[in-house]
Amino acid sequence: MHELSVAAALYDWALGEARTRAPKRLVSIELEQDSLSCLNPDALRFGFEALTADSELSGVRLDFVPIEPTYRCGVCGESLETEPAPLACSRCGSPMPRLSRESSFAVRSIEVEQP
Amino acid sequence: MSMKRIEVQKKVLTKNDEIAARVREQFHERGIFAVNILGSPGSGKTSLVELTAKLTARRIRAAALSGDQATENDAARIRAAGMPALQITTGNECHLNASRIENVLDAPELAGARLLLIENVGNLICPAAYDLGEAAKVAVLSVAEGDDKPLKYPGLFQRAELLIINKIDMLSLTDFDLERAAAHAREVAPHIEVVSLSCRSGEGLSGWYRWLETRVPELSPIDRSA
């Protein structure tokens, strides 16, 4: 439902990136996404295509890579990657690891075409 | 022509997170404890803010921001309950974002506030993804919605510090099981605190007040013997 505003944020970033990399042409963007990102790849793709149509980003492809959510122990700082949510830290045993803020949705890489 | 892959590792909502960090800094400097209240339409977010207005009146300067796609109804209700409130209409957007909060930081309604209740757009999905610079997210779930919602919408509950189960005065009319709801919430969010209450009857409100009290030192103890 909010994919269009996420697509708009992605569009702004990609436009800057494409201009920085010119004359190389931006071909694709690889996105990593965990199950808690609340984003539907198809809806995001649709929004991105609508925004980039007739722009210099027209035809740029979005590739999605599923990842696991990340949790962090509040006591020892251990990063935990498990599904479902871990009940305790696997290193120090402290209860209630929290969802890591870095989790969820990010650009992993881009693909450019050399002229 | 040759293709080349370049590693980036960049969060897509970085811009929102940057603005949220600025908002959080502002809240910190001004001594404002900001709560982001999330839940379905009709779960009782506005009712909770109205009751909090009455609970905190004369104890602390509090204010509210209310997000909706359309109408000023919620802010009007909160103002009528005695709390300065500002409506943020989002138009077609299904969530509040940090820039909408930053835009109203200097609004007169917020002047001198120590507690800020941000009522998000009614929605269990999108608002969870946007940091508003708040100190804590609070999820509101009502009995009529069913006790399985934490399992169905884990993203929201995992980001919340507190789950408020509202409309417990309706329990006898439904198959909602308070313990099952709390267990489902802890299954996806082991850290979450749970308070059950009814904004309509007032039952259980002290649990919510106690949660606020431990975070906002200016809130003097209330008489809970009543």
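T71(B) counts as exposed, because it has 11 C-beta neighbours inside 10 Å. Here is the rule. A residue is buried if 20 or more other C-beta atoms lie within 10 Å of its own, exposed if 12 or fewer, and partly exposed in between, with C-beta atoms placed from the backbone.

Before I go on, some ground rules. This is a predicted model, where local features need pLDDT of at least 70 and side-chain atom pairs count only at pLDDT 80 or more, while totals for chains, interfaces and linings use all residues. Residues are numbered from 1 along each chain as its sequence is written, and chains are lettered from A, ligands numbered from 1, in the order in which they are written.

Back to T71(B). Most residues other than glycine have a negative phi. T71(B) lies in the loop between β3 (62-68) and α3 (73-80) of chain B. Helices (H or I, at least four residues) and strands (E, at least two) are DSSP runs, numbered from the N terminus.

D54(A) is not a glycine, yet its phi is positive, about 65°. Look for D54(A) in the loop between α2 and β2 of chain A. Is D54(A) buried or exposed? Exposed, because 6 other C-beta atoms lie within 10 Å.

One more backbone point. The peptide bond from A22(A) to P23(A) is cis, with omega near 10°. Most peptide bonds are trans. P23(A) is in the loop between α1 and β1 of chain A.

Now the sheets. Strands of a sheet pair through backbone hydrogen bonds, either parallel or antiparallel. Here, two strands pair if DSSP finds at least two bridges between them.

Start with an open sheet of four strands. Its order is β2(A)-β1(A)-β6(A)-β1(B), and its pairing is mixed. Which strands sit at the edges? They are β2 (61-67) of chain A and β1 (2-11) of chain B, each pairing on one side only. On average, neighbouring strands are turned by 20° against each other, direction ignored. For such angles, axes are lines fitted to C-alpha atoms, for helices over the stretch in contact, and angles run from 0 to 180 degrees between N-to-C directions.

β1(A) and β2(A) are parallel, with seven bridges. One residue pair to find: I29(A) has L62(A) as its bridge partner in β2(A). Helix α1(A) packs on this sheet, touching β1 and β6 of chain A and β1 of chain B. The direction of α1(A) makes about 140° with that of β1(A). Contact means that the C-beta atoms of two residues, placed from the backbone, lie within 7 Å.

Stay with that helix. α1 (residues 3-21) of chain A has 19 residues and reaches 26 Å from its first C-alpha to its last. That is close to the 27 Å expected at 1.5 Å a residue. The expected span is 1.5 Å times one less than the number of residues. Buried residues of α1(A) include V6(A), L10(A) and A14(A). Among the elements that cover the buried residues is α2 (41-52) of chain A.

Next, where the chains meet. β6(A) and β1(B) run antiparallel, joined by eight bridges. E113(A) has M3(B) as its bridge partner in β1(B). Overall, 28 residues of chain A are in contact with 30 residues of chain B. β6(A) gives the largest share of chain A's side, ten residues.

Chain A also has an open sheet of three strands. The order is β4-β3-β5, with antiparallel pairing. Its edge strands are β4 (79-80) and β5 (98-99) of chain A. Two bridges join β3 (residues 71-72) to β4(A). R72(A) has S79(A) as its bridge partner.

Last stop, chain B. H95(B) is in the loop between β4 (85-89) and α4 (98-102) of chain B. H95(B) counts as buried, because it has 22 C-beta neighbours inside 10 Å. Its contacts beyond four places in sequence include H2(A), N120(B) and Y130(B).

Then helix α8 (residues 205-215) of chain B. Its buried residues are L205(B), W208(B), Y209(B) and L212(B). They cover an arc of only 95° around the axis, so they are on the same side of α8(B). The arc is that of the directions from the helix axis to the C-beta atoms. An α-helix has 3.6 residues a turn, so residues three or four places apart point the same way. The buried residues of α8(B) pack against α2 (45-56), β7 (162-166) and β8 (193-196) of chain B.
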